[in-house]
Structure formats: structure tokens, C-alpha cells
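The entries follow in the order of my search.

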Amino acid sequence: MSQLRQKNINYSICQALSYNSAGINKALIIYDVACQWYVKFAQRVEACPALQTPDNLEIVPAVGKFHLSAHKLECFARFSLMFMQGTGHIDGEILETLWAPFNKISPTARSMSLAHRQEVYDDHMRDSNWKKLVGIGSVSPCLRFEDKLIHQGHITVKSLCKKYKAASEEVNLTRGPFEELTASLDQDKVKQWQEAANNAASQRGDALDIYTLSMEKGL
Ligand SMILES: [Zn+2]
């Protein structure tokens with residue numbers, strides 16, 4: 001993809017990264033084509049005086065689950081949120097979540113003329129975007145989950161709190177079977193895999209290829 005086409009994205013991302021980011025040293029950027037965008041991002045920032053990112057900020061690119069399935073096989077391990085420590089179980093999509101509620105208006109819109117349908121869809125999309133915007137944060141009292149203080153008043157990002165809670169529950173649910181499986185395997189191999197997994201988590205990039213399914217091609 002032409003880097004020129006990424007100029008709005010470069011600008012938006014630089015602005016977002018520079019806003020209230022003091023003390024943050026790692027940023028996860030989930031973007032539909034992060035695998036291509038990320039290649040020349042640093043170069044673009046360097047070359048353009050209007051683009052700036054905070055010093056010592058590590059950018060971790062990822063692709064949302066819905067879009068990743070349409071990428072090349074190599075992209076799966078390198079950009080999947082599944083192999084990223086600390087992200088939890090998230091899909092990484094925002095805009096696409098309106099598609100399911102949109103099914104409800106499609107029977108009404110089906111018989112409309114093209115222009116009418118476009119207007120109705122636009123109205124619903126704007127309404128959905130507005131609801132997401134005003135729902136991003138809310139002022140709430142202290143939020144606790146399993147005796148851990150998640151947030152002490154002030155602005156709470158509701159969707160993040162919901163996802164954190166769901167991810168924590170999943171960890172508790174899967175820990176038992178995971179430990180049982182680990183105990184039943186060859187311990188030398190487990191150690192080897194653990195080292196490879198730790199290396200992949202810290203190095204990322206090519207090191208993540210250990211998660212790619214290697215298959216021999218058919219004749
Ligand atoms: Zn890709």
C-alpha cells in the first residue's frame with residue numbers, strides 16, 4: 001500500500017500518542033493493515049517535521065481479529081493479539097461492532113431507493129459513532145474486581161473494565177486444564193517451549209514465527 005495513503009493515519013496516530021502520554025513507554029496500536037503501515041512509520045516520522053512521537057515510546061503493532069483472517073499466513077503469528085502478553089482477549093475492532101445491530105435495520109432499508117438507503121445508513125452510523133464516543137469514559141466510584149482495585153474514581157473506561165473482568169475470569173477458568181496438560185507432557189520439551197515463548201514475547205517480529213503452523217506443501 002502506498003505510504004502516501006497512510007498520511008492521515010500517521011498524523012492521527014502521532015497525535016493520539018502525544019496526548020496525555022507522559023510516563024507511558026509502550027503503546028499498542030491495533031490497525032487493519034498494521035503489518036504494512038508499521039514498516040515505514042518510523043521513517044515517515046523522521047522525514048516529516050509535522051509528525052512526532054514521544055521519546056522512548058515502544059510501538060507494538062497489531063491487527064484486529066476480524067481483519068487478520070484476510071492477511072497472509074505469516075501475519076497471523078506476528079500481528080495477532082493472541083500472542084501478545086498483557087492485551088487480554090480482545091478483538092481489536094471498534095467500527096465493525098455496528099454490523100450486528102445494523103442487521104435490524106436492513107429489512108427496512110432493503111426496499112428503499114439507493115439514495116434513501118444511503119441516508120438512512122449514514123444516520124444510523126453517525127448515531128452509533130456518537131454513542132461510542134460519549135460512552136468511552138464515565139466518572140465512577142472505585143471499581144474492584146476480586147479484591148484488586150482497578151480504578152480509583154475519576155474517569156473510567158467502561159469497555160476496558162468490562163474486558164479486564166472477562167479476561168480475568170477466563171484466566172481462572174483455563175488455568176486448571178492448562179496446568180494439568182503441562183504436567184502430563186515431557187518436562188524438557190515444556191522447558192524448551194517456555195524459552196521459545198519467552199523469547200518470542202520479548203523479541204517479537206520473526207521470533208513469533210514459532211506459532212506459525214509449519215506444513216509441507218502437497219505435490
Ligand atoms: Zn498483514
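I began with Phe76, which counts as partly exposed at 38% relative accessibility; buried means under 20% relative accessible area, exposed over 50%, and partly exposed in between (1.4 Å probe, protein chains only). The model is predicted: local features need pLDDT of at least 70, side-chain atom pairs count only at pLDDT 80 or more, and totals for chains, interfaces and linings use all residues. Residues are numbered from 1 along each chain as its sequence is written, and side-chain values use heavy atoms, leaving out hydrogens and water.

I then searched the whole structure for aromatic pairs and found seven. The rings of Phe76 and Phe83 are an edge-to-face pair, because their centres are 5.7 Å apart and their planes at 90°. Rings of Phe, Tyr and Trp (its six-membered ring) pair if their centres lie within 6.5 Å; planes under 30 degrees apart count as stacked, over 60 as edge-to-face and the rest as tilted.

I noted that Phe83 is partly exposed, at 22% relative accessible area. Phe83 also pairs with Tyr211: the centres are 4.1 Å apart and the planes at 0°, so this pair is stacked. Tyr211 is partly exposed at 33%.

What does its side chain meet at Phe83? A polar atom of the Arg204 side chain lies 3.4 Å from the backbone oxygen of Phe83. Among the residues that Arg204 touches are Val60, Arg78 and Met84, where contact means heavy atoms within 4.5 Å.

Key: Polar contact = N/O pair within 3.5 Å; in protein donor to acceptor, adjacent residues only side chain to side chain. Lists of a residue's contacts leave out its neighbours within four places in sequence.
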